[in-house]
Amino acid sequence: MEVKKDQHTSPPSEMIPIVDLSNPDEELVSRAVVKASQEWGIFHVVNHGISMDLIRRLKEVGSQFFELPETEKKAVAKPDDSQDFEGYTRNLKYTEGEVWAENLFHRILPQSCINYKYWPRNPPQYREVTEEYTKETKKLSERLLGFLSEGLGLRHEALKEGLGGEKSEYVLRINNFPPNPQPDATLGLPEHTDIVALALIVTNEVPGLQVFHEDHWFDVQYVPSSITVTVGDQILRLSNGKYKNVLHRVTVDKEKQRMSWPVFVDANPDVVIRPLPELITGDNPSMFKPIVCKDFKYRRLFKLPVD
C-alpha cells in the first residue's frame, strides 16, 4: 500500500487500545486482545508480568552498545556478503527514501539457531540480560497467541503450533534513531507491515511510531511501563484475514534520540504458512495460498507476488 508521507492526522478521540493483562477476568482480557487485533492490528499491554527492572536493564545494555566507538560496534557487524539479517548495520544518510538508523539484529530463540558472534560482548551484561528478557517475552507472546487462537474459536495452542511450535524463531532488533538535522528528508523506518507473526516492542520515551488506520496516520502514544504489540503478516494469513497486519512507519526527531527494542515472533523457516485448516469451510474459503515461510519472506522482501 502506498500512502502519502504527509497524510497524517491523529484525532485525540482515537487512541491505540490499551489492554491490562492483570485483569482477573481472562475472558475479558482475551476479548480485548482479539478486538484490538481485528480493528487496529496494534495495542499496548500493561501489567504484562515482565519486571520494569528487567526492561530498564535491557534498555541500559542496548544504549551502552550504541554509545561504543564505531570500531567496537563493527565487531558484530553484518558481513557485506551476508544473505541473512543478523548483525550490526548503520545507515545515516540524508537521502530521500533512505532510512535514518543504526540497528543490531540477532536471533534469540530457539537455542539451535543462535549465533553468538552477533551478540555484543560489551557491555559485559548484554548476554545475561538479553537471555532473561527472552524467557519473559516468550511467555508473554505465547499468552497473547493463546488469546488470539481462542478468538478464532480454536485451541489455545493453535497459532503457536501453526508457527512451528517450539521451533518457531524469536529475533531481537535494537533500533537506534539518532537526532536528525533533516527529519523531513528521511524516515527511521519506511511504511511496512511486518513479515513475522507478532512484534513485542519497548521504546524510550521519544515518540515516532505511526500506524495507518482508517485512512489516517496515527501517532502511537508512549505509555510508560507498557509493551506495544503489533500483528504481522503471518497472523493475518494463519487467521484467514480475521486479524489485521498493521501498516506502520517510524519518524525521526530533529533533537532527540529515539530507541526501540522489538522482539519478533517468527514462524520456523520450513513451516508452510496457510490459513489454519480448522477455519476453512464452504462458507469461509481460504483467502491465501499456502507458502513455505522462507519463500514467503523472500518474496515479500524482494516485493515479488505472493498469492
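This is a predicted model: local features need pLDDT of at least 70, side-chain atom pairs count only at pLDDT 80 or more; totals for chains, interfaces and linings use all residues.
Me: Is Glu86 buried or exposed?
Reply: Buried means under 20% relative accessible area, exposed over 50%, and partly exposed in between (1.4 Å probe, protein chains only). Glu86 has a relative accessible area of 4%, so this residue is buried.

Me: Which residues does Glu86 touch, not counting those up to four places away in sequence?
Reply: Contact means heavy atoms within 4.5 Å. Not counting residues up to four places away in sequence, Glu86 touches Lys78, Phe105, His106, Arg107, Asn115 and Tyr118.

Me: Which residues have the most contacts inside the largest nonpolar core?
Reply: A nonpolar core is a set of buried Ala, Val, Leu, Ile, Met, Phe, Trp, Tyr and Cys residues joined through side-chain atoms within 4.5 Å. Here the largest one has 59 residues, and its largest share, 8 residues, comes from helix H4 (residues 126-151). Apart from it lies another core of 13 residues, Trp40 and Val252 among them. Inside the largest core, the residues with the most contacts are Val45, Tyr133, Leu198 and Ile227.

Me: What is the relative accessibility of His44?
Reply: His44 sits in strand S2 (residues 42-46). Beyond four places in sequence, its contacts include Ile16, Val19, Gln221 and Thr228. His44 counts as buried because its relative accessibility is 0%.

Me: How far is the C-alpha atom of Ala32 from that of Asp20?
Reply: Ala32 belongs to helix H1 (residues 26-39), and this residue is partly exposed, with a relative accessible area of 30%. Ala32 and Asp20 are 12 residues apart along the chain, and their C-alpha atoms are separated by 9.0 Å.

Me: What separates the C-alpha atoms of Glu60 and Pro123?
Reply: Glu60 is part of helix H2 (residues 52-66), while Pro123 is in the loop between S4 and H4. Along the chain the two are 63 residues apart, yet the separation of their C-alpha atoms is 9.4 Å.

Me: What is omega for the peptide bond from Leu109 to Pro110?
Reply: Most peptide bonds are trans. A cis one joins Asn122 and Pro123, with omega about 10°. Pro110 is in the loop between strand S4 (100-109) and H4. The bond from Leu109 to Pro110 is also cis, with omega near -10°.

Me: What is the phi of Ser225?
Reply: Most residues other than glycine have a negative phi. Glu214, in the loop between strand S8 (209-213) and strand S9 (216-219), has a positive phi of about 50° although it is not a glycine; at 55% relative accessibility, Glu214 counts as exposed. Ser225 is found in the loop between S9 and strand S10 (227-231) and is partly exposed, with a relative accessible area of 35%. Ser225 is not a glycine either, and its phi is positive, about 75°.

Methods. Residues are numbered from 1 along each chain as its sequence is written. Side-chain values use heavy atoms; hydrogens and water are left out. Helices (H or I, at least four residues) and strands (E, at least two) are DSSP runs, numbered from the N terminus.
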